[in-house]
Amino acid sequence: MVSPNPDSSNAASDQNADSTPTSTLPDAIIRLAGNSQDGIQTIGGFLAKLAGRSDQEVITYMTIPSTISGGPSIFQVRMGTGEILSVGDQTDFLVAFYQHSYEEHISSLRDGGVLIYDSDHVEPDTSDRRFLYVPVAITSNTIEVMGGSAKNKGKNMFVLGLISRVFSLDVLKLQALVRERFAGKGEDVARNALLALDAGYATPVENLLGHSYSFGKSERVSDKPQVTMDGNTALSYGLLAAGVRFGAGYPITPWSTIMEMLRNELPKYGGTFVQAEDELAAVSLALGFAYSGHLAVTGSSGPGLSLKAEALGWAVMAEIPLIVINVQRGGPSTGLPTNIEQSDLMQAIYGSHGDAPRIVISPRDVEDCFYTALEAARVAKECSVPVIILTDQALATRIEAFDEPDLAAHVKDATLDLTNRSEDFKPYPLNQITRHAAPGSVIDSGTYPTVTGLEHDEMGHPTANPALHTQMTARRRDKIKAFGESLKRPPVHGDEEGDILLISWGSPYGPTKEAVNRMRKAGQSCGHLHLRHLHPLPPVLERVFARYRQIFVIEINDQGLYGYGQLATLLRARYA
């Protein structure tokens, strides 16, 4: 058997105390395949947290059924000590809980890979000599350790211990993580989880493998501690650090975990998050918070953003600072509620009646979700405009480890600005960006402005004057253009000129960068340009494009009627 994903320059073979050889790997791709009720997400979550606490890199990927009754599910983990940019293509290790798990996912296992399967439920075709087959009686061993009805809740912990044995993981740290996770559920629950974990770890699986594995020495150079979380959690913490204290939303996958976290956390900081009766009520409540002078947030997935569109038009006209999060999923309609797609870009930029410019930013990975939330909050206030954070299901549920942010440098004051406004105060001056006065602020002139969705003059009073409408439309547009002109051109990874330029946005950042690394290693001259700011675009991109013979845009949406994805269509419109 070929060692999974070995690096010939780093791979090593050692002898442990019982003379079983150990192969050292830079990283490994592990796919857990079972049913959603088996707790395989829990296994992956523990492995990801352990990697973070062990100075390793990690990226995860999971699928969950969209039906309430559950069904087949996977959790894939890529972990190790080298740079990890994607969840990987083919897997090195497949753990199959059931026959359907084996049949549906054996095609993901690369030649020379390892199939670990529950011999109580799976009968593989062992005549296929491409793989190493490792049978383990997972169900019956778990029953023997735990007994009773607890077997269905213990198999995941048994498998977690088994994987820890295969990869020589730090079982003491893992036991501490298990205790932390189950501490609030009672001593019996924690004890049973540890019993199953220890039983899996005690299984001498290296006898079947012929050897065990371990990861090489960490290449991290940072002395900062690592944190491990998914993208939705990182976004939530970023909003809290940015000074967001109020918001409203309506549950929808995969946005809901942000809403749940904010509903729990905001009251600790004197804030409030309201679960509204529908999407239109949610955005309207958030706009009410924003009108009162507080920075507020609302969010949803693609279907919900469609329902919020009318109120977002009001926010553009009234020039209200607001953060709107769209965690994209597959569409149209109910579509693919638990799968990734990047098909809401046009909706985020143009989804409104009339000319309603807004700013759209898309994080590139889990760490960037935190910093994107900070930027969105800053820009919403500076430009007095709705800012849409366009993330997706992959980032929402993906777990990564990254350096802990310097919170002291990022946390913003959330105090309401009630300072007096001077006599010449106007909320919509023709030559400046809007600055609203929160209700309760004293305006020295004694003349108080109006906030309305109607076209208005500098004081907010409704008007149908064509010349003034033209001027106001221009000022709402020009402040977005000015923001775009202030952006720095994104760096190019790889060759600064050559045959091929790959352009990406959102979660394909890591896989695209990894693809460029592979292509350059194979002798192809190519570069990678990743766009975080999607509307407006950064300046002088045409200077980059001119240095390459071919340009390809990597995005997860359909080619449309004219053969181009949504970002590709925008780039062709802008740069011909």
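1. Arg78 is buried, at a relative accessibility of 8%. This is a predicted model, and the side-chain pairs below should be read as such. Arg78 forms a salt bridge with Asp27, with an N to O distance of 3.4 Å. The two partners sit far apart in the chain: Arg78 belongs to strand β5 (residues 72–80) and Asp27 to strand β3 (residues 27–35), 51 residues away. Asp27 also counts as buried, with 8% relative accessibility.

2. Asp89, Glu514 and Arg518 join Asp27 and Arg78 in a network of salt bridges. Two members of that network, Glu514 and Arg518, fall within the residue range of helix α17, 509–521. Point 6 returns to that helix.

3. Lys308 and Glu279 make another salt bridge, at 2.9 Å from N to O. Lys308 is in helix α11 (residues 302–318) and Glu279 is in helix α10 (residues 279–291), so this pair ties together parts 29 residues apart in sequence. How accessible is the lysine, Lys308? Its relative accessibility is 0%, so Lys308 counts as buried. Glu279 is buried too, at 5%.

4. Arg398 and Glu400 form a salt bridge as well, and their closest N and O atoms are 3.0 Å apart. Arg398 has a relative accessibility of 10% and counts as buried. Glu400 has 9% and is likewise buried. Across the structure, the count of salt bridges comes to 29.

5. Four strands build it in the order β18-β20-β19-β22, with mixed pairing. Which strands stand at its edges? They are β18 (492–494) and β22 (548–554); each has a single partner strand, so one side of each has no neighbour in the sheet. On average, neighbouring strands here are turned by 25 degrees against each other, with direction ignored. Strand β19 (residues 498–505) pairs with β22 in the parallel sense, over six bridges. Within that pairing, Gly498 has Tyr548 of β22 as its bridge partner.

6. Helix α17 (residues 509–521) lies across this sheet's strands β18, β19, β20 (526–531) and β22. The helix runs at about 170 degrees to β20.

7. A disulfide is a covalent bond between the sulfur atoms of two cysteines.

8. Is Arg179 buried, partly exposed or exposed? Arg179 has a relative accessible area of 45%, so it is partly exposed. Arg179 lies in helix α5 (residues 171–182). Val189 is 10 residues from Arg179 along the chain, and their C-alpha atoms are separated by 9.4 Å.

Terms used. Residues are numbered from 1 along each chain as its sequence is written. This is a predicted model: local features need pLDDT of at least 70, side-chain atom pairs count only at pLDDT 80 or more; totals for chains, interfaces and linings use all residues. Side-chain values use heavy atoms; hydrogens and water are left out. A salt bridge is a side-chain nitrogen of Lys or Arg within 4 Å of a carboxyl oxygen of Asp or Glu. Buried means under 20% relative accessible area, exposed over 50%, partly exposed in between (1.4 Å probe, protein chains only). Two strands pair if DSSP finds at least two bridges between them. Axes are lines fitted to C-alpha atoms, for helices over the stretch in contact, and angles run from 0 to 180 degrees between N-to-C directions. Contact means heavy atoms within 4.5 Å.
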